Amino acid sequence: MTAPGFRRCGCAAALAGLLLALPPTPTFPQNASPAPQEMEVLGVATDQQSGQPMVLLRGKTDRRALTMVIDPSAAVGIALPLQGVTPPRPYTHDLLLTVIRRAGYTLEKVVITDLKENTYFATLILRRGAEPLEIDSRPSDAIALALAAGAAVLAAEGALKAPPEEKGP
């Protein structure tokens, strides 16, 4: 059975639709590092083979795909706001957003910063007046928070450089 807000699909089938008609990976001068680009959160899908949820994102500038395996609670935290559903009681992401706001901060944006050893990294960018605050985060939690707050999701080139390696049986 598939939870509400999830699509069951083969990983290859889910990515095929995203990857069709994508332009080739852009090249940059040796010492240039492009600014992070804003990403569109397309949805959450469940891989048929592994049964694990994945979040699907696409670059708004160059349309490159970014797919990450995520845990089920983060998947729900991402799927509900995408569907415009407000849970009757706050989930963990809603609770954290309330704490951020009551502390006087706003969630300005989240940046998926890097991919190292098959693990993605992200940073929450909070702001209180002119005072910025950067907090390390799992990308799935950062995406769920951004959707709940209406904040932008960005990805740095380091996170878009190559997909994580698939582990064989």
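How do the axes of H3 and H4 come together, and at what angle do they cross? They come within 9 Å and cross at roughly 65 degrees, the axes being lines fitted to C-alpha atoms, for helices over the stretch in contact, with angles that run from 0 to 180 degrees between N-to-C directions. The model is a predicted one, in which local features need pLDDT of at least 70 and side-chain atom pairs count only at pLDDT 80 or more, while totals for chains, interfaces and linings use all residues. Residues are numbered from 1 along each chain as its sequence is written, and side-chain values use heavy atoms, with hydrogens and water left out. Helices (H or I, at least four residues) and strands (E, at least two) are DSSP runs, numbered from the N terminus.

**Helix H4 and its two partners**

- Two packed helices are described by the angle between their axes and the distance between the axes.
- H3 and H4 are roughly perpendicular to each other, given that angles under 35 degrees count as roughly parallel, over 145 as roughly antiparallel, 65 to 115 as roughly perpendicular and the rest as oblique.
- H3 passes H4 in a right-handed crossing; a crossing is right-handed if the near helix is turned clockwise from the far one by less than a right angle, and left-handed if anticlockwise.
- On the H3 side, His-93, Asp-94, Leu-96, Leu-97 and Arg-101 meet Asp-141, Ala-144, Leu-145, Ala-148 and Ala-149 of H4, where contact means heavy atoms within 4.5 Å.
- Sorted by class, this contact of H3 with H4 has six nonpolar, one polar and three charged residues, with Ala, Val, Leu, Ile, Met, Phe, Trp, Tyr, Cys and Pro counted as nonpolar, Asp, Glu, Lys and Arg as charged, and the others, Gly among them, as polar.
- The axes of H2 (residues 72–82) and H4 (residues 139–149) come within 9 Å and cross at roughly 25 degrees, and these two helices are therefore roughly parallel to each other.
- H2 passes H4 in a left-handed crossing, with the contact made by Ala-74, Gly-77, Ile-78, Pro-81 and Leu-82 of H2 and by Ser-140, Asp-141, Ile-143, Ala-144 and Leu-147 of H4.
- The contact of H2 with H4 comprises seven nonpolar, two polar and one charged residues.

**Buried positions in H2 and H3**

- Ala-74, Ala-75, Gly-77, Ile-78, Ala-79 and Leu-80 of H2 are buried, that is, under 20% relative accessible area, whereas exposed means over 50% and partly exposed in between (1.4 Å probe, protein chains only).
- The buried residues of H2 pack against E2, E3, H3 and H4.
- His-93 lies in H3 (residues 92–102) and, at 10% relative accessibility, counts as buried.
- Leaving aside neighbours within four places in sequence, His-93 is in contact with Ser-73, Ala-74, Gly-77, Asp-141, Ala-144 and Leu-145.

- Seven of the seven residues of E3 (residues 53–59) are buried, so the strand is largely enclosed by the rest of the structure.
- Pro-53, Val-55, Leu-57 and Gly-59 point one way from E3, while Met-54, Leu-56 and Arg-58 point the other way.
- E2 (residues 37–47) runs antiparallel to E3 and is joined to E3 by seven bridges, pairing being assigned if DSSP finds at least two bridges between two strands.
- Thr-46 stands opposite Pro-53 in E3, and the hairpin of E2 and E3 has five residues between the strands, with Gly-51 in the turn at a positive phi of about 75 degrees.
- Five bridges join E3 to the antiparallel strand E4 (residues 65–69), in which Met-68 is the bridge partner of Val-55.
- The hairpin of E3 and E4 also has five residues between the strands, and Arg-63 there takes a positive phi near 65 degrees.

**Loop between E5 and E6**

- Most residues other than glycine have a negative phi, and most peptide bonds are trans.
- Glu-117, in the loop between E5 and E6, has a positive phi of about 50 degrees although it is not a glycine, and Glu-117 is exposed, with a relative accessible area of 81%.
- Asn-118 lies in the loop between E5 (106–116) and E6 (119–128), has a positive phi of about 65 degrees, and is partly exposed at 32% relative accessible area.
- Asn-118 and Met-68 are 50 residues apart in sequence and 9.8 Å apart in space, C-alpha to C-alpha.
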